[in-house]
Amino acid sequence: MILYHSDLSPNWGEYGILIPLRDDRSKRVFEHLRSLGKANLLELNKSDLEIVTQEDLLRVHSKEFIDHLYGQKLESEILDCFELVDGKGNYNRYNPALAKRNWSEFFDSILHHVSASKYAMEKSLEKGFTFFLGGGMHHARTNKGSGFCLVNDIVVGIRALQDSNKIKRAWVIDTDAHKGDGTSEITHKDPSIKTLSIHMKKGWPLDHPDLQHPSKIPSDVDIEMDCEEESFYNERLRQGLNKLWDHNPDKPDFVVVNAGVDPYELDELPSTQFLRLSKEQMLERDLMVYNFFKERGIAQCWLMSGGYGKFSWEVYSQFLEQILE
Ligand SMILES: [Zn+2]
């Protein structure tokens with residue numbers, strides 16, 4: 001089942017944020033699949049969603065951080081997370097005079113998005129597979145938002161399913177070009193959630209000079225791809241999946257695939273230039289991960305995560321076209 005919501009993310013311009021990122025990939029994928037007459041496409045409305053609560057967030061994030069988000073420090077947490085202030089304390093890509101809406105509306109919009117991810121995870125237990133055309137905020141850490149991810153929707157959804165006894169153990173397979181550093185930091189002492197991340201060896205978030213920085217906390221399996229190693233990517237990912245499977249006698253009940261398409265060679269975000277998979281390699285990747293869990297009878301929920309520029313929607317579409325009836 002494919003889940004789409006037309007009004008997920010805040011419209012940045014309305015908050016004075018000056019980042020020229022036109023993100024219509026969800027809409028394009030959904031409309032494309034609909035034009036092909038695919039079954040199991042679901043358009044979500046606001047009324048379908050139960051909005052995540054502070055209790056949901058506190059299973060994942062520290063009390064201090066959540067108090068900031070619901071209190072006086074919301075603005076500074078957002079400015080940090082979305083990199084709207086530079087090292088000298090000046091506004092960066094942000095002009096408050098242009099804002100038509102306030103930060104608490106911005107936060108509501110993010111909570112709404114996180115709630116849709118959570119909904120998609122619940123549905124995947126019923127359906128066996130869901131692909132939510134959104135979500136994947138894998139850089140948000142216990143105490144802090146980071147890299148445009150304020151709250152970690154992946155772990156919020158998993159821990160809600162655990163809390164309601166729907167699952168015991170979950171895996172997170174993160175194929176975004178950037179390391180799933182927030183997810184690994186939050187879960188590294190939690191034996192019920194195992195993580196695999198395949199990502200660029202060079203560049204953000206791993207270029208932090210402090211070796212003790214939380215972004216360096218390892219996943220259960222980390223696969224680092226150096227420049228010009230693209231031809232080994234899928235084989236290494238396959239080995240990583242096998243390693244996680246073989247080394248863990250307790251198998252997962254559920255897997256979240258954080259399926260960023262920013263490793264694609266036509267991705268337009270400059271920081272993803274160190275990993276450049278072809279469209280064919282991207283399809284091979286997605287089918288391999290999908291079939292790995294399908295063959296083992298494990299429910300899977302896929303999230304969109306990163307993917308920038310006018311071609312990213314084609315990578316999601318080619319995969320979904322293949323697996324949907
Ligand atoms: Zn990314």
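Colleague: Which residues does leucine 133 touch, not counting residues up to four places away in sequence?

Modeller: Residues are numbered from 1 along each chain as its sequence is written. This is a predicted model, in which local features need pLDDT of at least 70, side-chain atom pairs count only at pLDDT 80 or more, and totals for chains, interfaces and linings use all residues. Two residues are in contact if their C-beta atoms, placed from the backbone, lie within 7 Å. With that sequence range left out, leucine 133 touches Ile2, Leu3, Tyr4, Ser26, Val29, Phe30 and Met304.

Colleague: How are the buried residues of helix H9 arranged?

Modeller: Helices (H or I, at least four residues) and strands (E, at least two) are DSSP runs numbered from the N terminus. A residue is buried if 20 or more other C-beta atoms, placed from the backbone, lie within 10 Å of its own, exposed if 12 or fewer, and partly exposed in between. In H9, Met282, Arg285, Asp286, Val289, Tyr290, Phe292 and Phe293 are buried. Taking directions from the helix axis to the C-beta atoms, these residues fall within an arc of 155°, so they line one face of the helix.

Colleague: Which residue of strand S7 stands opposite aspartate 174?

Modeller: Strand S4 (170–174) is among the elements covering the buried residues of H9, and five of its five residues are themselves buried. S4 pairs with S7 in the parallel sense over five bridges, where pairing requires that DSSP find at least two bridges. Opposite aspartate 174, the residue in S7 is asparagine 258.
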